[in-house]
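Subject: Structure handover

Dear colleague,

Please look it over first, and then follow the points in the order given.

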Amino acid sequence: MPRIATDAIYRQAVAGILDRQSSLLKVQQQLTTGLKHTTAADSPAEFTQGLALDQRLAELSRYKDNASAARHRLNVEESALGSVTGVIQRVRELAVQGNTDALTDVDRRQIVAELRQQFDQLVNLANQDDGEGNFIFAGGNNGAAPFAKTATGVGYSGDQSYRYIAIGPEREIADGTPGSEAFQRIANGNGTFRYTADPANTGSGTLGAARLADPSAYDGETYTLTFTSATTFDVVRTTGPGSPATVVSGGTYTEGEAIGFSGVEIAVGGTPATGDVFTVEPSAAQDLFSTVQNLIDALSTSTGTSASAAQMHNGVYNALEDLDRGLDHIQTVRATVGGRLNALEDTIGAQEALDVQLQETLSGVRDLDYAEAVSRLQLALTTLEASQQSFLKIQGLSLFNFLR
Amino acid sequence: MADLLSTGISALLAYQKSLATTGHNIANANTEGYTRQRVEQVSRLGTALGSGFIGSGVEVSTVTRVADRFATERLMFDASNMSQQETLQTLTGRVDKILSDRNLGLTDPLSEFYAAVDGVATDPTSSAARQVLLGKAELLAGRFQNLQNEFDSLNLEVNRQLQQQVGEINTLTEQIADMNDRIAIARGLAGGQPPNDLLDQRDELVRELASHIGIATVTQDDGALNIFTAGGNALVLGTTVSPLRLVQDDFNADRYGIALQQGNTLIPLTRFVSGGSLGGLLSFRRDVLDPAAGDLGRVAVALADTFNAQHAEGVDLYGDLGGDFFDVPAPGVSAATNNDGPAVVGVAYDDVGGLTGETYLMRFTGSAWELQSAETGDTVATFGAASGTFTAAGLSIAIAAGAVAGDRYEIRATRGAAGSLDVAITDAARIAAAAPVRTEAALANDGTGVVGRPEVLDVADADLLLDATIVFDDPPGTFTITDSNGTSAPIAFTVGGNIDYNGWRIQITGTPAAGDTFQVLPVAANSGDNGNARLLADIRNLGVLDGGTRSLNGGYGALVAQVGAQAQQAAQRVAAQTAIREHDQSFRDSVSGVNLDEEAANMVRFQQAYQASAQIIALTDTLFQTILSAVRR
């Protein structure tokens, strides 16, 4: 048995009590803050994991904000495109309505008046902003209204850039469509070629059914059909290598009968005159505003003679074709926007799930397990009391008490 | 008869001394460092008679300290280790607290900064979003500066404490030398007997000294204690003291070192001192504070440099290419105060990915320069010429001619850099959110060619912002690019292949037709484009540190973890050291400590022996009376 110095008994008892008190304080601190660790020293790994998770969560919430800005703009675009679809459909109705011979020029003037309103409406829709001064259909130049009426039609002052918004790591979506792509780059005619009548025609020949009979045989060149008499015609290719080249010589005209060449089938109606010209040319980009303007011009034509009536019908024929192309195009753009909105919701949904997961992990590394902490508190209290009581008992013992 | 009386008196005196010593022990039961004393008794030589030796009593040979040299030395070492670890723990704990505090740390300001960049990316023309970004950038820079200020004030604190420690150590060594003198005198006066209480006091002084600085002791034959410190340098030799002196660092006036003054020479000790509060202070500065400041500075430099590089690749609302967003701090370089040559070394950042937070020492050998890590002393790079420029550890070091062999420079790669991080722009419109160039496809194009987003390869290309027009030839297997400098030779077209020109890169997919036209145009002023803002926001996850393997956030996290681990380790060492000291103290107390019960028992024992001795004297009287009465008859 080693001997024990009296001083050591006191020292050790006091050290024990101090030790218990400091662990008690530690638990108490954890319980009041609700945090497992006060500083990184308590657990460097968990503490820095917490910091990294904080950063991930901040990033996720940022993506959520980005997505809501993008969602707002896409919704505005979606609804603008919906209205554009309505305008095109109304314009189409008016075109069909105005295309009958039963109407007088005066009747048509009323139709034209409504068409002009629809035209203005279309320009307004193309100049839609998101409520914060950003024009949806302006590309990167979104500080100013992109479309303006000019003497020659409607001019576009935006650019062709898409703006992408990050909605997730490595995940970006465009928050709009440049006006050039939404309203301008629309192929006219039937998408492959456009069938027109020369406005200078003197007969009452009208455009009949036209179709691409054999897409592989059409070479994308321009062909003219010229009546050499009231019943015969030639077809000449006017562009491409070796042009002009006659492809049909001395064809016989029968009203409404298909005339085929180079994969194309067209028909002519009415009574063409000698020298009348009909043209098949490759489709080109035509903006929606020109399409409506062309319709207005066609319906404004006075229909005094059979030739001018035919010219009106031919104008409406081309406008209807172009309107259908426009409608198709707008629907496609709208579907793209819808697709982006879906992708956005998907991504946000996935991120919300991730957010919950990360919060749980963060809580695991940072938050205190109260049940465990309370039981530790109990243990610390018990051992502290035990230390104090045993100290009181031991310090009362001394041989000097018995030396009287 | 006289013998019996003198035997009784000798016992009486001996037990008086024993009782006095017991009393002394009891009185000093609570005296710090007191060693219990014991009276050593020997029997007196008896008187030789024909019938043998008759004993003649007892005498006190000496009063000894019940001490164990080993236990005393253990306690001395324990005091050294304990104060070192405690000092380290206290100071490291403060760095840890600073970095762990949400209101002081970088995590939140970094997140908010990136969120503000994202805000500009979502709405690049909004002046509110831009203003918020400037505000958050200033907040972030301010947070870096605050942290560096905290580190600076800790450095000042270390200086202050070093000064205090040196003062206390010099007082203690003086006292020990004085004690050596007093002990020698006392021994002389007492005829070579040990002056126990003086020895106790000296041991206590030595222990106190050990808690300030690591020491070793050697006892001389005359009882004087010699004290040696780091490198075997003597602090106390007998009664001679070599005082410690506070000296300025060779490179920085704002940090102190330690030297030992022997006569007129100063022996530098800073790098060698270990143990005690002094060792703890120096170890804190060397192992915790400097690396932490270096790592913090590295994050600041990397942030500024990376952000600026990306910012320069964008266009602001005025249509100009982006300037510096942050002021990039410069590396620190100082010439040693005792260099013979003029200052010839200039340092700049070369590659952020190659930077370490370390401090380097550069030494001129006369024909070459050696770059050494100040921490490990390892040579990092050697430059085999007297002047010129070389790159090492992410730094570009330019040396002018004129250095003299032996000249030294200290290069602080990033330490302290966090203090000078600032936002360089004040006009929010100067934030370069837009990509510098954009693409267009002519509406009249017949083919299906689609041009993608342009990428900037070389922002320094003088022709970057020229209008460039790409026209496809007939047949469209080739194209030419025309800008104000003229038209390029035909370039072969590959679907989706990279077209690199004027410092930009685009791809055209689909099938362009002959005559189809695409354009690469500069982005106009006030553009709503966010091409560059998105790339700026991406920096948050970009690997920029450690050769591109660690993000800025990761770099800061590593710093917090590093300091946290050091603080944790220091706390664990203190706990371990406490246990060791407790053990050693108990061992010492079990040998040298006073046990009051034992003293009480001794007291009873000596008291009884004293009473018995008195009885012997009484007995001699009785014997004498017996003889007297026999004679009187």
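Ser229(A) is found in chain A, in the loop between strand 7 (223-227) and strand 8 (232-237); here helices (H or I, at least four residues) and strands (E, at least two) are DSSP runs, numbered from the N terminus. With a relative accessible area of 22%, Ser229(A) is partly exposed, where buried means under 20% relative accessible area, exposed means over 50%, and partly exposed lies in between (1.4 Å probe, protein chains only). Ser229(A) and Gly140(A) are 89 residues apart in sequence, and their C-alpha atoms are 55 Å apart in space.

Before you go further, please keep in mind that this is a predicted model, in which local features need pLDDT of at least 70 and side-chain atom pairs count only at pLDDT 80 or more, while totals for chains, interfaces and linings use all residues. Residues are numbered from 1 along each chain as its sequence is written, chains are lettered from A and ligands numbered from 1 in the order in which they are written, and side-chain values use heavy atoms, with hydrogens and water left out.

Two further places in chain A deserve a look. Ser262(A), which is not a glycine, has a positive phi of about 45°; Ser262(A) sits in the loop between strand 10 (259-261) and strand 11 (264-269) of chain A and counts as partly exposed at 24% relative accessibility. A cis peptide bond, with omega of about -5°, joins Ser243(A) and Pro244(A), and Pro244(A) lies in the loop between strand 8 and strand 9 (245-252) of chain A.

In chain B, a cis peptide bond joins Asp474(B) and Pro475(B), with omega of about 0°, and Pro475(B) is placed in the loop between strand 25 (468-472) and strand 26 (478-483) of chain B.

Chain B also holds paired strands, where two strands pair if DSSP finds at least two bridges between them. Four strands of chain B form an open sheet in the order 5-6-7-8, with antiparallel pairing; its edge strands, strand 5 (216-219) and strand 8 (240-241) of chain B, each pair on one side only. Strand 29 (residues 498-501) and strand 30 (residues 504-509) of chain B pair in the antiparallel sense over four bridges, and Asp500(B) stands opposite Arg505(B) in strand 30 of chain B. These two strands of chain B form a hairpin with two residues between them, and Asn502(B) in the turn has a positive phi of about 50°.

Best wishes
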